[in-house]
Amino acid sequence: MADQTLRILVAKPGLDGHDRGAKIIARALRDAGMEVIYTGLHQTPEMIASAAVQEDVDAVGLSIMSGAHMTLFPAVIDLLKEKGAGDIGVFGGGIIPDDDIPRLKKLGVAEIFTPGSSTQDIVQWIRGHIQGRL
Amino acid sequence: MPSQRRRPPSRAAKDAPRNVSGRTARAVSKSKALPRASKAPRSPGTRLYDAVAMRAVARETARWDAETLAPVTAKTPLRQQSFQTDSGIPIPPVLTAAHRRSATQESLGLPGQFPYTRGVQPTMYRGRLWTMRMFAGFGSPEDTNKRFKYLMAHGTTGLSTAFDMPALMGYDADHPMSRGEVGKEGVAVSSLRDFEVLFDGIPLDQVTTSMTINASAIAALCMYIAVGEQQGIPMAKLGGTIQNDMLKEFIAQKEWIVPPRPAVRIVVDMIEYCSQHMPRWHAVSISGYHIREAGATAVQELAFTLADGIGYVEECVKRGMAVDDFAPRLSFFWDVHNDFFEEIAKFRAARRIWARVMRDRFGARDPRSLQLRTHAQTAGVSLTAQQPYNNVIRTTLQALAGVLGGTQSLHTNSLDETYALPTEDAVTLALRTQQIIAHESGVDRVVDPLGGSYYVEYLTDEMERQALEYIHRIDEMGGIIRAVEEGYPQKEIGESAYRFQREVEEEKRLIVGVNAFESDQQGSVEILKIDDQVAESQIARLRKVKAERDPRAVERALGKVEAAARGTDNLMPPVLEAVKAYATLGEVSDVFRKVWGQYREGGAF
């Protein structure tokens with residue numbers, strides 16, 4: 001894993017335009033030596049899953065503030081599975097109430113980072129949990 | 001700093017602006033672009049301080065520096081090598097009248113007097129308190145109507161409507177893009193029927209209403225006008241504000257439908273229409289709030305927002321409108337963040353810059369065209385999920401800064417807003433915060449209480465100088481629309497946001513409960529949940545509206561919207577006709593997408 005550069009798709013599902021967090025994460029991961037692709041705003045789950053497959057990424061990081069995470073996060077995971085890319089790890093962050101976190105994890109989201117998380121925590125978590133895909 | 005002792009107080013003498021006031025004004029009248037502050041001549045005017053006395057103060061300050069300050073700092077070093085504001089403005093060890101030796105009465109003015117540094121009204125809160133306008137909107141129109149009535153019963157003095165993401169992006173509740181979003185981040189509205197429910201039982205001639213909506217603002221305003229007509233209230237009697245600031249959408253908030261140029265054309269149509277038909281309505285609220293929340297510094301918020309304002313005025317003038325016909329109804333919206341004095345200075349600098357720009361660059365003569373009137377909101381981005389009750393304290397300090405800065409209206413955030421939209425209890429506490437400042441603190445009794453403070457005046461001058469540099473750079477780029485198309489403000493804001501995050505992570509900047517004074521005990525707060533049932537009932541109502549309306553009338557009206565969009569006729573009359581025929585917000589937006597295309601931003605970061 002150590003020698004392989006991880007490829008991460010940072011994605012903004014849903015209609016909210018709050019991209020401050022997504023862009024900071026994208027920069028921090030790049031500064032940590034990862035290859036980062038950022039989707040831009042207002043992406044549908046279909047657009048995100050297609051981009052993940054096309055770009056052959058190792059993980060997808062979803063950022064959302066609009067409250068639609070319970071709908072959109074599982075949709076991305078289901079679509080990745082449909083495309084035979086269920087091994088791409090999915091993590092997320094944003095305004096996500098505590099009660100929703102166990103439910104999201106049960107639905108297949110590997111980790112959720114809430115406000116106040118440091119970018120270094122996220123970098124460490126990715127290094128520890130995301131395997132480079134061959 | 002021994003080498004600098006000859007011109008005391010050392011750093012201040014170097015860093016303090018040589019009075020910016022007035023200099024721009026004279027030069028600007030000759031050229032369209034604002035001159036660089038550093039090249040401008042010294043301002044004429046009535047000196048506030050006697051030159052001989054100032055030399056004595058400067059000498060005394062030099063002596064203080066050497067004999068009083070230096071021995072102390074030699075023995076006990078300062079907590080930091082240097083101090084600066086959150087925008088990076090250096091803060092000298094002490095400020096005295098000597099720093100203000102070239103200050104003039106003309107650059108300060110008196111309250112209600114050009115250049116309005118001290119406030120736009122001569123009486124300020126002695127005449128009338130600021131409007132306590134609590135932003136509300138969630139779930140169904142019924143839910144939000146109930147919250148409006150609750151807030152009115154508890155002393156809020158103006159309504160303020162938050163719309164959900166589908167409405168802001170021009171999609172109806174049944175659109176595939178609206179999945180999971182209906183009613184989540186604001187109230188769900190698709191058609192006039194929803195507006196009828198939203199304002200049911202609220203006489204629109206007795207309240208003023210603010211609507212935070214931009215890309216689809218034209219449909220929302222027309223629906224509001226239509227509800228007024230149903231209540232028997234002509235549009236001329238409707239009072240309020242529609243945010244309708246598309247430039248800041250492209251810069252920061254990023255809710256859009258069509259590209260910048262057609263988006264601004266719609267804004268100008270609305271300003272033009274309102275200036276002719278709605279004398280009590282503010283057709284645009286030029287907003288720094290979202291620019292700041294996206295990561296801008298206070299100086300950048302000030303600069304980019306005023307540049308947006310200049311952009312709208314230029315476009316209206318190009319349209320052939322006389323500046324004094326529309327400028328009196330332009331309004332502003334600032335964020336109030338943590339750095340207490342810098343925030344106060346921002347309000348003061350904004351008023352002074354705007355007054356001069358309007359008078360000297362655009363030739364406005366009506367005093368109301370020169371007065372920057374503003375709403376303000378405490379900084380949502382400063383709230384923390386950790387130890388949420390601390391947010392009450394942050395909001396209190398920010399609200400106080402907004403009031404000391406002289407805002408005309410204020411929203412205070414609720415302590416639970418890092419988790420979700422606020423509960424009724426949380427929003428009540430936020431409203432009470434304003435009421436305590438207004439009725440118990442005593443700050444309402446005097447106009448511009450910090451006027452003349454060496455520090456606040458220094459910050460006001462310095463923020464003005466730095467903002468004018470940005471505005472000059474934007475002028476050189478060909479104006480704000482071009483700058484936005486090139487992504488210039490977006491990039492500047494991204495840099496600031498990243499720098500801020502690094503400072504937090506490196507603990508150069510401490511945030512209580514986040515990277516300092518952390519506590520294991522998580523304060524838990526009750527959270528407002530939006531039922532998915534809302535989406536179903538909204539979609540059902542939308543289907544009913546579509547089944548009951550006259551499809552030919554809708555088609556005819558939308559055809560007129562398209563014709564106006566392709567030509568140069570004002571879009572307001574055909575959109576008004578369309579929404580009255582129950583054409584939906586999504587259908588009106590679809591016409592715009594068809595004519596101008598859907599805007600998309602690239603994935604640069």
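Residues are numbered from 1 along each chain as its sequence is written, while chains are lettered from A and ligands numbered from 1 in the order in which they are written. Because the model is predicted, local features need pLDDT of at least 70 and side-chain atom pairs count only at pLDDT 80 or more, whereas totals for chains, interfaces and linings use all residues.

**Exercise 1. The sheet of chain A**

Task: State the strand order of the open sheet in chain A and identify its edge strands.

Solution. 

Step 1. Strands (E, at least two residues) and helices (H or I, at least four) are DSSP runs, numbered from the N terminus. Two strands pair if DSSP finds at least two bridges between them.

Step 2. The open sheet of chain A has 5 strands in the order β2-β1-β3-β4-β5, with parallel pairing.

Step 3. The edges are β2 (35-38) and β5 (111-113) of chain A; each has a single partner strand, so one side of each lacks a neighbour in the sheet.

Step 4. Neighbouring strands of this sheet are turned by 20° against each other on average, direction ignored. Axes here are lines fitted to C-alpha atoms, for helices over the stretch in contact, and angles run from 0 to 180 degrees between N-to-C directions.

Step 5. As an example of pairing, β3 (residues 59-64) and β4 (residues 89-94) of chain A are parallel and share 6 bridges. In this pair, A59(A) stands opposite G89(A).

Step 6. Helix α1 (residues 20-31) of chain A packs on the sheet and touches β1 (7-11), β2, β3 and β4 of chain A. Contact requires that the C-beta atoms of two residues, placed from the backbone, lie within 7 Å. The direction of α1 makes about 160° with that of β2(A).

**Exercise 2. The sheet of chain B**

Task: Give the strand order of the open sheet in chain B, then follow the pairing from β6(B) to β9(B).

Solution. 

Step 1. The order of the 9 strands is β5-β4-β3-β2-β1-β9-β8-β7-β6 (chain B), with parallel pairing. At the edges are β5 (281-282) and β6 (285-287) of chain B, each of which pairs on one side only.

Step 2. Three bridges pair β6(B) with β7(B) in the parallel sense. Here S285(B) has S331(B) as its bridge partner.

Step 3. Strand β7 (residues 331-336) of chain B is joined to β8(B) by 5 bridges. Within this pair, F333(B) is the partner of H375(B), and D335(B) that of Q377(B).

Step 4. Another 3 bridges connect β8(B) with β9 (residues 409-411) of chain B, also in parallel. There, H375(B) stands opposite S409(B).

Step 5. From β8(B) the chain passes through helix α16 (residues 390-405) to β9(B) in a right-handed β-α-β crossover. The term right-handed applies if, with the strands pointing away from the viewer, the path from the first strand over the helix to the second runs clockwise.

**Exercise 3. Backbone features of chain B**

Task: Locate a cis peptide bond and a non-glycine residue with positive phi in chain B.

Solution. 

Step 1. The cis bond joins F114(B) and P115(B), with omega about -5°. P115(B) lies in the loop between α4 (105-108) and β1 of chain B.

Step 2. K254(B) is not a glycine, yet its phi is about 65°. This residue sits in the loop between α9 (246-253) and α10 (260-277) of chain B. K254(B) counts as buried because it has 24 C-beta neighbours inside 10 Å.

Key: Buried ≥ 20, exposed ≤ 12 C-beta atoms within 10 Å, placed from the backbone.
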